[in-house]
Amino acid sequence: MSRHVSNDLKRRARELAARESIPYSAALARLRTPRTAPTDTAADKPSRFLLPEYLYVDFPAPDLNGARPCDACKGSGLDAEGRTFAQESDGGRPPLLVEVVCSKCEGCGRAEHAEDGCGHPHTDPDMDDDLYDEDEGTPCYSCAGREFNYVQGVVADEQGEPEEVIYLRLPCGCTADRMRVILGDLIEVAG
């Protein structure tokens, strides 16, 4: 169920998301719920407010190196609608907030894909041939130094039928020291 979101509220949510480096969905939920408490806390000290809490990892936008940004995501590499999903965590910690990757540029943020690679990982692993040299001793075996992995997901309609194939940018465990708790409401992101 979603509520109508005015253009002014959308604009303010985008500005808040950019200013505080949080997802659009969390910024929108924060603007809809008046409160005076802190807006985020350390990952090991979750609070208990009315809004749901999520673990979140900030990732910089892809470095475009002068390339023209993707028309759909404006160079962010993420879904233009700002869709996010929650992945359950263990040990009583809040769920992990996972962002949807742009389906047009496949995560690199560029309008055109160079034949020799864009220098940024894509959801299609074949596009990333030779992007990482395994002999160099990458900092993390699981993600090859990217700090995230792409995971394929399927969005289903109300009857449970597959509607859309998406890719999620799942933070790697090597980013655990950068995780923080943010507040948001995933039910209210559509609009």
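I started at D71, which is partly exposed, with a relative accessible area of 43%. I used these cut-offs: buried is under 20%, exposed over 50%, partly exposed in between (1.4 Å probe, protein chains only).

The model is predicted, so I kept its limits in mind: local features need pLDDT of at least 70, side-chain atom pairs count only at pLDDT 80 or more, and totals for chains, interfaces and linings use all residues. Residues are numbered from 1 along each chain as its sequence is written, and side-chain values use heavy atoms, without hydrogens and water.

**D71.** I found D71 in the loop between β2 (53-56) and β3 (84-87). Strands here are DSSP runs of E, at least two residues; helices are runs of H or I, at least four; both are numbered from the N terminus. The D71 side chain makes a polar contact with the side chain of R68, at 3.1 Å. A polar contact is a pair of N or O atoms within 3.5 Å; within protein, one must be able to donate a hydrogen and the other to accept it, and residues adjacent in sequence count only if both atoms are side-chain atoms.

**R110.** I then looked up R110, in the loop between β4 (96-100) and β5 (148-156). R110 is buried yet has no salt bridge (side-chain nitrogen of Lys or Arg within 4 Å of a carboxyl oxygen of Asp or Glu). D63 is the nearest side chain of opposite charge, 5.7 Å away; Lys and Arg count as positive, Asp and Glu as negative, with His and the chain ends not counted. I noted that the R110 side chain reaches the backbone oxygen of D63 at 2.4 Å.
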